[in-house]
Amino acid sequence: MSGTVRLTVAQALVRFLARQYTERDGRRERLVAACWGIFGHGNVAGVGQALLESGQGPGAELPFFQGRNEQAMVHAAVGYARQRDRLSAHAVTTSIGPGATNLVTGAALATINRLPVLLLPGDTFATRPADPVLQQLEHPGAGDVSVNDALRPVSRWFDRVHRPEALVPAALQAMRVLADPVETGAVTLALPQDVQAEAFDWPAEFFAERVWRVPRPAPDADALAEAARAIRAARRPLIVAGGGVHHSVAEDELRALADATGIPVAATQAGKGSLRHDHPCDVGGIGHTGTAVANELARAADLVIGVGTRYSDFTTASGTLFADPGVRFVNLTIAPHDAHKLAGLPLVADARAGLTALASALAGHRVAAEYAAGYRAAKERWEAVVDAAFSPKKSAPENGTDRPTQTQVLGALDAVVGDEDVVINAAGSMPGDLHKLWRTRSRRQYHVEYGYSCMGYEIPAALGVKLAAPERVVWALVGDGTYLMGPTELVTAVQEGRHLVLVLVQNHGYASIGGLSELTGAERFGTAYRFRAPDGGYTGEPLPVDLAANAASLGLTVLRAHTYAELRAALAEAREARGPVCVHVETDPADTAPPAQAWWDVPVAAVAGRPAARRAREEYERGAAARRRHL
């Protein structure tokens with residue numbers, strides 16, 4: 001291909017993006033499959049015009065989705081990318097000013113969770129025909145700073161395209177980072193609004209199809225041999241499966257290793273579902289929100305084999321969970337930064353390639369029969385705990401209500417959700433209950449965003465997942481605090497005619513933080529949605545908001561459930577419906593979830609006049625005394 005093509009910068013970017021692909025294991029995907037956008041003066045005449053000119057509808061070069069909130073558009077793009085195993089992503093375009101700064105939270109979520117999204121915010125004029133222009137940040141010490149610079153620390157790659165010819169290297173670097181399983185996250189190309197509309201003669205080769213191959217690097221032979229020796233020598237090994245197992249599509253290899261060796265497998269929030277819940281080696285979630293069986297195994301483990309995990313503080317229970325004095329770590333991960341955590345033996349490799357190599361190196365090895373029998377008996381005992389939490393018989397008549405508790409809501413959902421459905425959550429008290437209790441039945445059924453635990457993620461992410469997997473039923477679980485933060489993309493779901501189910505739990509505030517507040521001596525201050533009482537606190541009657549009516553006003557079909565039986569029926573009806581549906585249920589405030597199985601470090605006031613805080617400080621100091629550095 002030779003010659004030049006005369007296009008604007010925005011038109012060239014759209015045409016370039018339409019010809020980028022990833023490939024892994026022979027599976028080829030569009031790297032940037034669509035673009036979300038909200039238009040203002042910073043992008044309407046540039047990227048907006050380019051998307052229009054490229055054509056929309058069937059066969060569009062870069063299909064377009066109309067968003068309602070910039071942060072939510074990023075969440076939708078992240079949900080899409082996670083469902084597509086990071087091989088395909090979406091772009092998000094905004095105007096300058098508040099449209100661009102609204103991207104920051106979504107960008108942080110994408111980068112922390114290592115999920116690809118391409119951000120295309122408009123920027124102020126590069127040529128400065130007027131200074132300042134509308135929404136320009138005037139920094140007294142730096143004339144080249146714009147609000148888009150707020151995206152630098154939360155982006156894996158950032159560039160500002162000051163001139164047309166600068167688009168070529170910037171766009172190629174952006175694609176490199178998006179497709180890289182180690183480097184991926186939010187990628188930002190800031191586009192000055194005058195440059196977007198400027199014409200340039202582009203080399204035709206810039207628009208040739210380009211394939212970005214996603215590698216599966218194998219582990220170093222010496223490191224593999226050392227890891228195998230450590231595992232063979234361990235008496236109480238434990239595998240911790242993280243999100244990298246899913247991103248690498250390594251579930252079959254993990255199951256084969258567990259079958260062959262009998263090593264138990266605990267899962268982080270991102271890794272849950274790496275084994276089916278009923279696999280004999282699956283012991284459930286690990287860490288502060290984990291199961292009793294997984295956490296007891298972690299306390300006694302003499303070797304922890306991390307696979308695709310970055311060892312967050314919830315996973316490690318703030319440095320107190322892995323209690324054996326001689327515990328050591330083998331860290332199988334594609335990211336060298338994670339491989340060296342906890343002074344572990346680094347086994348830098350793709351999760352699938354690494355697990356395959358480990359299985360070969362461990363041929364004939366199996367844990368002691370009494371070790372396997374012990375954790376399997378503990379797993380059976382925990383299943384009884386789950387049954388009790390899910391049971392509708394656990395309602396609390398002393399509260400004068402037959403409303404279901406939150407764990408009974410999950411039990412009703414468990415009875416209705418299909419094996420290939422996707423359940424989405426991110427914040428509040430539900431992630432803890434789900435991590436402990438949810439019985440995951442397929443590799444992508446469990447979708448809890450807990451790297452950033454961002455309120456407002458669930459609804460737009462559900463839309464993104466539905467776009468990625470239109471054949472699946474998608475459930476977004478939200479409490480009222482989360483709903484009020486981000487219901488906007490329900491309008492987009494209605495507009496696009498996408499069937500997703502919103503399970504809206506009315507719990508009158510921030511239930512999770514309310515419980516944490518009570519445990520840390522803050523006495524649930526500022527966590528309930530109630531009227532002010534005469535003493536000035538928010539301790540009066542609950543606010544008379546009708547969230548179900550709000551969802552209906554946005555175009556959803558709404559089903560109201562008041563009892564467990566009504567909830568079961570409403571969930572079943574919603575699953576078979578067409579278009580977006582909301583199931584609204586007010587929950588009994590009784591806590592029927594099992595308590596936390598491990599300590600989490602949330603500092604408590606060292607000096608306080610109120611007795612609750614003093615008692616909480618005593619408990620905190622007892623927990624903190626067990627912290628350790630793994631060296």
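In this predicted model, Glu 165 and Arg 163 form a salt bridge in which the closest N and O atoms are 2.9 Å apart. The two partners fall into separate accessibility classes: Glu 165 has a relative accessible area of 35% and is therefore partly exposed, while Arg 163, with a relative accessible area of 51%, counts as exposed, the cut-off for that class being over 50%. Elsewhere, salt bridges that share partners join Arg 27, Glu 29, Arg 84, Asp 85, Glu 251, Arg 443 and Arg 444 into one network. Side chains of opposite charge can pair when their charged atoms come close, and the structure holds 39 salt bridges.

One of these salt bridges links Arg 114 with Asp 338, and here the closest N and O atoms are 2.3 Å apart. Because Arg 114 lies in the loop between helix H5 (104–112) and strand S7 (117–123), whereas Asp 338 belongs to helix H13 (residues 336–339), the pair ties together parts that are 224 residues apart in sequence. On the Arg 114 side, the relative accessibility is 23%, so this residue counts as partly exposed; on the Asp 338 side, a relative accessibility of 2% places the residue among the buried ones. Another salt bridge joins the side chains of Arg 152 and Asp 149, with an N to O distance of 2.6 Å. Of its two members, Arg 152 is partly exposed at a relative accessible area of 42%, and Asp 149 is buried at 17%, since buried means under 20%.

Six strands, in the order S19-S18-S20-S21-S23-S22, form an open sheet whose pairing is parallel. Strand S19 (446–448) and strand S22 (557–561) stand at the edges, and because each has a single partner strand, one side of each is left without a neighbour in the sheet. From one strand to the next, the twist averages 20 degrees.

Helix H16 spans residues 406–416 and is mostly covered, with 10 of its 11 residues buried. The buried residues of H16 are Gln 406, Thr 407, Gln 408, Val 409, Leu 410, Gly 411, Ala 412, Leu 413, Asp 414 and Val 416.

Where does enclosed space remain within the model? The structure holds 3 cavities of 30 Å³ or more, and the largest cavity contains about 110 Å³ of space. Its lining comprises 15 residues, of which Asp 282, Gly 284, Trp 382, Glu 383 and Lys 436 are the closest to the centre. Strand S14 (282–285), helix H15 (369–390) and helix H17 (430–437) are the elements that each give two or more residues to this lining, and H15 gives the most, with 4 residues. By class, the lining of the largest cavity has 6 nonpolar, 3 polar and 6 charged residues.

The second largest cavity holds about 60 Å³ of space. It is lined by Ala 267, Lys 272, Gly 273, Leu 275, Arg 276, His 277, Asp 282, Gly 284, Gly 285, Trp 438, Arg 439 and Thr 440. Here S14 gives the most to the lining, with 3 residues. Divided by class, the lining of the second largest cavity has 3 nonpolar, 5 polar and 4 charged residues. Asp 282 and Gly 284 line this second largest cavity, and they are also among the residues closest to the centre of the largest cavity.

Last comes an open space. The second largest pocket contains about 240 Å³ of space, and the residues that line this pocket are Arg 310, Tyr 311, Asp 313, Thr 316, Ser 318, Gly 319, Lys 341, Leu 342, Arg 628, Arg 629, His 630 and Leu 631. Grouped by class, the lining of the second largest pocket divides into 3 nonpolar, 4 polar and 5 charged residues.

Terms used: Residues numbered from 1 in each chain as written. Predicted model: local features only at pLDDT ≥ 70, side-chain atom pairs only at ≥ 80, totals over all residues. Heavy atoms only, no water. 1 Å grid on protein atoms, 1.4 Å probe; cavity = no way out; pocket = protein on both sides within 12 Å on 5 of 7 lines; lining within 4 Å. Points joined across faces, edges and corners; volume = space filled by probe spheres on them. Nonpolar A, V, L, I, M, F, W, Y, C, P; charged D, E, K, R; others polar. Pairing = 2+ DSSP bridges. Axes fitted to C-alpha atoms, helices over the stretch in contact; angles between N-to-C directions. Buried < 20%, exposed > 50% of the residue type's maximum accessible area, 1.4 Å probe, protein only. Salt bridge = Lys/Arg side-chain N within 4 Å of Asp/Glu carboxyl O.
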